[in-house]
Amino acid sequence: MREEQVGDELGARLKEYEGCPAAVAGTGKDPVNAPMIRHWCEALGDTNPAYTGPDAIAPPTMLQTWTMGGLSGHRGRTGAYQELLGLLDAAGCTAVVATDCEQEYLRPLRPGDEVTFDAVIEEVSGRRTTRLGTGYFVTTRTDVRVAGEPVATHRFRILKYAPAPRAPLPRRPRPVVNRDNAGFWRGVAEHRLLIQRCTACGTPRHPWLPGCNACGSPDWDTVEASGEGTVHSYVVLHHPPFPAFDPPYAVGLIELAEGVRMVSNVVGVPYDEVRIGLPVRLEFQRCDEELTVPVFRAVRR
């Protein structure tokens with residue numbers, strides 16, 4: 001990460017917002033309460049006895065739980081903070097990532113405490129270039145009170161940035177083509193999905209093999225698949241990333257109407273909406289000037 005200050009007119013404008021309020025007279029949507037403390041401790045596996053019983057306190061690191069606005073937000077957010085974010089958006093810094101927070105605890109919070117808070121735009125950095133892209137770090141400081149008494153301070157830092165251009169993906173790996181499966185790949189190049197069929201017993205098979213795995217006969221012909229199928233099983237690839245592929249993506253075991261199964265990508269639907277039994281239809285995807293592969297597009301009903 002490097003800081004760039006020369007000619008940073010936007011940075012100078014953003015600096016003017018330092019010290020401006022980000023939220024005024026904010027109120028926690030819920031009092032500090034035992035059920036939320038219990039859920040927090042169960043989720044984190046924290047069995048500290050200080051967080052249970054009649055004299056329980058809230059885990060200090062729950063501080064932001066009591067001040068967050070949730071999906072509906074807080075009505076106390078100021079115009080100054082919205083203007084600051086608007087300037088960044090207008091400059092192309094439309095992406096955001098939380099980077100770190102610092103908390104200072106002055107006294108424990110206990111069930112029944114009702115939290116109020118004020119927040120200020122404490123600092124805006126100069127223009128910074130990171131691996132994610134170029135943008136600005138914005139730090140807000142939230143002062144938390146109960147019945148007017150200061151109980152904690154929370155500093156939260158985000159990076160608002162313009163995403164760095166993504167390098168083009170490298171060329172997709174080539175399939176291994178040999179004398180046993182060359183006919184399959186010739187068919188794919190012609191946008192035909194050919195399935196081997198034993199001429200002795202009529203059993204279809206995929207992938208291509210030199211002999212029938214049902215009766216052992218070496219004699220076979222082909223039948224062209226209709227392209228209709230369903231997802232028999234699937235996985236979603238997240239990690240590790242592999243050159244030429246852009247995770248997450250769904251890989252399905254497709255049950256074809258002809259009675260064989262093959263592995264291929266499921267496209268046309270978000271990866272997290274792929275389900276067993278999902279109807280799909282064959283199509284051919286051009287990867288580059290040399291390679292075409294069969295994929296299966298979800299059929300929406």
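This is a predicted model: local features need pLDDT of at least 70, side-chain atom pairs count only at pLDDT 80 or more; totals for chains, interfaces and linings use all residues.

Reader: Helix 3 to start. How many residues, and what's its reach?

Author: Helix 3 has 12 residues. From first C-alpha to last, the reach is 16 Å, close to the 16 Å expected at 1.5 Å a residue.

Reader: Which of the residues in helix 3 are buried?

Author: Ala80, Tyr81, Leu84, Leu85, Leu87 and Leu88. They span an arc of only 155° around the axis, so they sit on the same side of helix 3.

Reader: What do those buried residues pack against?

Author: Helix 1 (9-15), plus strand 2 (21-27), strand 4 (115-124), strand 6 (133-146) and strand 7 (149-163).

Reader: And what follows helix 3?

Author: Gly92, with a positive phi near 95°.

Reader: Switching to Ala56. Where is it?

Author: Ala56 lies in the loop between helix 2 (34-44) and helix 3 (79-90).

Reader: Is Ala56 buried or exposed?

Author: Buried, because its relative accessibility is 10% and the cut-off for buried is under 20%.

Reader: What is Ala56 in contact with, leaving aside neighbours within four places in sequence?

Author: Ala50, Tyr51, Arg110 and Pro111. Separately, Ala34 is 22 residues from Ala56 in sequence, with 8.3 Å between their C-alphas.

Reader: How many bridges between strand 8 and strand 10?

Author: 5 bridges, in the antiparallel sense, with strand 8 covering residues 194-198. Cys198 has Trp220 of strand 10 as its bridge partner.

Reader: Last stop, strand 15. Mostly covered or mostly open?

Author: Mostly covered: 6 of the 7 residues in strand 15 (292-298) are buried.

Reader: Which way does strand 15 run against strand 14, parallel or antiparallel?

Author: Antiparallel, over 7 bridges, with strand 14 at residues 279-286. A hairpin of 5 residues joins strand 14 to strand 15. Phe284 has Pro294 in strand 15 as its bridge partner.

Terms used: Residues are numbered from 1 along each chain as its sequence is written. Side-chain values use heavy atoms; hydrogens and water are left out. Helices (H or I, at least four residues) and strands (E, at least two) are DSSP runs, numbered from the N terminus. Buried means under 20% relative accessible area, exposed over 50%, partly exposed in between (1.4 Å probe, protein chains only). Contact means heavy atoms within 4.5 Å. Two strands pair if DSSP finds at least two bridges between them. The expected span of a helix is 1.5 Å times one less than its number of residues. The arc is that of the directions from the helix axis to the C-beta atoms.
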